[in-house]
Amino acid sequence: MQWSKFKDKDLVLSLAHGIKQKAKKFDRLRIMHVCGTHENAIARYALRDLLPNNIKLLAGPGCPVCVTSSKDIDAIINYGIKNDCTILTFGDMLRVKGSAYSLLSASKLGLYVKMVYGLDEAIYYAKQAKKDAIFFSVGFETTAAPVASIIKSVNLPENLSFFSVHKYTPNGVLELLKAGKLNIDALILPGHASIVSGLAPYEKVASSFNLPCVAAGFEPVDVLGAILMIINQLEDNICKVENEYERLLNYEGNKLAQKALNDIFDITDSIWRGLGIIKNSGFEFKKTYNYLNAKLKFNIPFSDSYTEEQKGCRCAEVILGTIEPPQCPMYAKICNPHNPVGPCMVSDEGTCRNWWEVKGDI
């Protein structure tokens, strides 16, 4: 496969021209993606600059680090400080603040935390440790599926358990639409997550809310191609689920990954940072695997008193696409990648971080 063709300049400009011509008949189109990797590609290739003014390309709740609640961060920090255990998690998660502390800053208070690149590395460290180790397991189905698969296939050390804050994208999007929190005309579906879930879960999104939905890859041609497919649907007055990412994604998704998820996890209500509890949007361990569930195994307490956003931070509005990062008074002033106040400035998948990397303080 010639991957370079998905970055071909002439093809990119041709797609941009086609979008501009077809978009003339619309007053305004608000197209949202729900994937941090899409935002990274859009910012890196300045794709918004190629779109006409009447098309707004919005970043939705597609960064798993950004939607991890302070309530969960506070709980694992407080438990870890008071008990002799090791917290293992991904690098992005280390710097996201809970109500007062991030996992990294809490290390000054006695929390023993270690960054890992994946569950296999967490297993390695747990085997070396002589005390309990808890894997703070973050991410959408893209990350939850490998975790489930590894749990099924290897002998885990007895001292390793999991604090799952995994989220399920399709139901999260569906419930936010039901709640009227997303003011959009179409959706670009997440390519990576959809490789696992398939596209069937989004049929209800398209039909119930009259939204064109197109799954896309992560190169400039993918994103612009998906936008053109969306405009074609709107032009023909139809709303359906389409697949621009056919080279890697099929409609049914990955059946093996889905089976692993279904074997290990139940779909449960889950709290999303700044967005509240979203019905059927999280992955939690089935009863059979309660012995791996750190929340139950250690009876970890959760406080109902927690702060999702620092004073002045508007990350929740960024996640819902109601404002752009520079509209937050903290953006690039107090909040930047060196001193992230809100979660959207922390991760490579965060909207504010991606805007800052390209545009700085504007």
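1. Let's start with A332, which sits in the loop between α13 (315-319) and α14 (351-359); helices here are DSSP runs of H or I with at least four residues, strands are E runs of at least two, and both are numbered from the N terminus. A332 has a positive phi of about 60° although it is not a glycine. Most residues other than glycine have a negative phi.

2. A quick word on the source: this is a predicted model, where local features need pLDDT of at least 70, side-chain atom pairs count only at pLDDT 80 or more, and totals for chains, interfaces and linings use all residues. Residues are numbered from 1 along each chain as its sequence is written, and side-chain values use heavy atoms, leaving out hydrogens and water.

3. A46 also has a positive phi, near 50°, and is not a glycine. Look for A46 in the loop between α2 (36-44) and β2 (55-59). With 31% relative accessibility, A46 counts as partly exposed (buried is under 20% relative accessible area, exposed over 50%, partly exposed in between, using a 1.4 Å probe and protein chains only).

4. Now the largest nonpolar core, which has 70 residues; I87, L103, I134, F136 and L187 touch the most other members. Helix α3 (residues 70-82) gives the most to this core, with five residues. A nonpolar core is a set of buried Ala, Val, Leu, Ile, Met, Phe, Trp, Tyr and Cys residues joined through side-chain atoms within 4.5 Å.

5. Leaving aside neighbours within four places in sequence, I87 is in contact (heavy atoms within 4.5 Å) with residues including I76, L103, I134 and F136.
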